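Here are my notes on the model you passed along.

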Amino acid sequence: MSNRGNRVPTTATIFAAVLLLTTALPAAAAQSGQIHGQPDLQGIWQAFGNTASDNIEPHIATQGVPASVGVVVSTEDGLIPYRPEALARRDENSANREELDRVNQCYKPGIPRLTYMPFPFQIVQTPGRVMMYFEWIHNTRTVNLDRDEHLEGMLFRNGDSIGRWDGDTLEVTVGNFLEDAWFDATGNWHGANAEIVERYTREGPDHMTYEVTVNDPEVYTEPWSMRMTLYRRVEDNFRLLEYECHYYRDQELELGIFAQ
Amino acid sequence: MTGAMKAMQAMNEMTNVGTVQMTDRNLTPRTRRHLAALGAVVAVLAVAWPVDLLAQPGGRGGPGGPPAEPAGPFTRTTDGRPDMTGYWEGGFFVGIQNVETPRTIVSPSDNMLPYRPEYRAETDAIRAGNMYLEPELHCYSSGVPHQMYLQFGFQIVSNPGIVAMAWEFMDSYRIIPVDGREHIPANMKLWMGDPIGRWEGDTLVVETTSQNGRTWLDTGGHVTTDQLYVVERFTMTNIDTIEYEATLTDPVAFTEPVIMVETFRRNTTPGFEQMEFACISGNQDRENYPASQGGPAPDVAPEERAGAGFEEQ
Amino acid sequence: MNAIKAMKTTLTITAIGALVAATVLPLLAHHAFTAEFDATRPLNLTGTFTKMDWVNPHSWIYVDVVNADGEITEWAFETPPPNILYRQGWRRDTIEVGQQVEVRAFAAFSGRPRAWASRVTRVDDGQVMLSMRSPAPERE
């Protein structure tokens, strides 16, 4: 089936397309709701328009960053309930973001930030794992459905992810962070000891609610949560490509090899 | 028995498996099979290669491998395909530091890459004094087929319409659509290329186009170009074994196609899972590469190094 | 970690040796080992363990070594990545800060106090913590 060109679809091509959709595409199969006896979250997903990767709190527009009412839903003002010293550190992060932001260094951004960076990611499920593959520097997440304790002493930039099904919702507990990490490019942050719980709930064929609860008493006065919608990429022939941040950065710094 | 002892016993068993594999390899009819297939391959290539293969990357199965072994017991996905889901180990036979070994390259018959002179010269020059160019030293992706024999093995998820592979090494992945779609436009070049799969009976055939020519076939400087086109065949022979064969055509670098083989064994370690591998943030090697290998550090004579006087007696 | 402590040295050498036989070559494959380290001149260094970086693509063990002239040099020894160490039974307290360790290693051509560790032994109980096949020059 051709996905290029602007020709008017014929009955035959429409029929072929329908046949293909109903027999081959896993995303279409997802509408039937189950895979491996689990709710089917498979597909390529992306957060759009909420600018959460820039700033999860309410913000007016600045050059290159659209305005948003933010994604923090547990507080009335949409602000993160920082302890005073933690808020001061956020401001310091923000002021030094060029230097301090791990994303600018092409490091793993941590969870949940990776989920709503402006790049698509794909979910593929097995009976014991929910796999998430991200276009951004081919980050890969394994959500382990087979155990309920974090790995002893193993710390990761993207944390250690344990999943379980709560009805139709995939609930993922993320812990064992290697270091403090940011939620966005503004420097909103959590500590390495934070416990983060994500909830993925499919609302239909093409969108999913993504909720995150953050508990880190050293940094916040109370647990808080954010919520946003993830959209399925429905374009024909859509697939993950590559964003090899470290390669581009090496080129800029003339550290690496192979001129572009 | 302690956990550590169990792990070590498991590792001992793994080593034994490796020994058995090696013996198997020597005894199987596989080599003979390949030799027999080679005649047919050469016949096809004499007519078709390189123009035809490159002209229709989405429409051909490459030179065609041998027929699959009789299927052993393995499970199937809901759409009736062999279920390769699980963790796999490879790399026991492939010369990861140097692919030019008889266990890896079964064609050409001298087990060497059929480089044109300028590409042989480029590889020789890298190996002699420019190993700083090694992509993995910089945490860059490995490309295909190098990706298939990386250390620590890999995971396969085979679901209807998609086969996804994930490696612990550098957290890299390949997502192979098996849904009849087309390749990305030819001017787009990716580190891992653009893979598209289809089933030929119980064999998963994957065609990969659009590689960027910056990756090596091993960690030993064997270069590729952006004209590399790879057809891989994954055939489950039993629930714990996948036979792998890759046919590489690159009319710019090679004078004839290359066929490489490998066997993947299921990782049966209870509770095994892959962990994060954050290469970029932790990489401390490249700044230490000496100028004699193209790196930024000096070459220091042994008697001037920090370790002088501590040589092993 | 206690399990490792409890085992006899010989067993550890054999068992870890067996593990290494299965994995040592792939472990080197993040980059070409012999391009960075001098595989022809093994060193033996003994000193005080100060810290360990559990990072990829390789973990690092830091050891303060006293030179012949009495000066202290902080050495960084490249070791397998955390995933492999963890599966071998290593934990964060497998070697404790302040313990004496003997390291067989191959130093960098750069002359800096950095080396690839092929064997790490705890001095107080002779426990071999890590044993890897010695690197050989790459096959030509």
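**Notes on the model**

1. Chain A first: it carries 6 helices and 13 strands, where helices (H or I, at least four residues) and strands (E, at least two) are DSSP runs numbered from the N terminus. Keep in mind that this is a predicted model, with local features needing pLDDT of at least 70, side-chain atom pairs counting only at pLDDT 80 or more, and totals for chains, interfaces and linings using all residues. Residues are numbered from 1 along each chain as its sequence is written, and chains are lettered from A and ligands numbered from 1 in the order in which they are written.

2. How much of chain A is buried? Of its 260 residues, 40% count as buried. The cut-offs, for reference: a residue is buried if 20 or more other C-beta atoms lie within 10 Å of its own, exposed if 12 or fewer, and partly exposed in between, with C-beta atoms placed from the backbone. As for contacts (C-beta atoms, placed from the backbone, within 7 Å), take those in chain A between residues at least 6 apart in sequence: 51% join residues at least 24 apart.

3. Chain C has 4 helices and 6 strands, and from the N terminus the order reads α-α-α-β-β-β-α-β-β-β. Of the 140 residues in this chain, 51% are buried. Among chain C contacts between residues at least 6 apart in sequence, 56% join residues at least 24 apart.

4. Now the cores. A nonpolar core here is a set of buried Ala, Val, Leu, Ile, Met, Phe, Trp, Tyr and Cys residues joined through C-beta atoms within 7 Å. The largest one has 110 residues, and the members touching the most others are Met131(A), Met132(A), Tyr133(A), Val163(B), Ala164(B) and Trp167(B). Strand E4 (residues 162–167) of chain B gives this core its largest share, 6 residues. Apart from it lies another core of 39 residues, including Met131(B), Ala297(B), Leu45(C) and Val103(C). As background, nonpolar side chains in soluble globular proteins tend to be buried together.

5. Which residues does Trp167(B) contact, if you skip its neighbours within four places in sequence? They are Gln147(B), Leu150(B), Phe152(B), Phe154(B), Ser172(B) and Tyr173(B).

6. Ile111(A) and Pro112(A) are joined by a cis peptide bond with omega about 20°; Pro112(A) sits in the loop between helix H4 (97–100) and helix H5 (113–116) of chain A. Another cis bond links Asn56(C) and Pro57(C), with omega about 0°, and Pro57(C) is in the loop between strand E1 (37–53) and strand E2 (59–66) of chain C.

7. Two non-glycine residues in chain A have positive phi. His36(A) is at about 50°, in the loop between strand E1 (34–35) and strand E2 (38–39). Asn237(A) is near 65°, in the loop between strand E13 (224–232) and helix H6 (245–253).

8. Last, Pro127(A), which lies in the loop between strand E4 (121–125) and strand E5 (129–134) of chain A.

Definitions and conventions: Contact = placed C-beta atoms within 7 Å.
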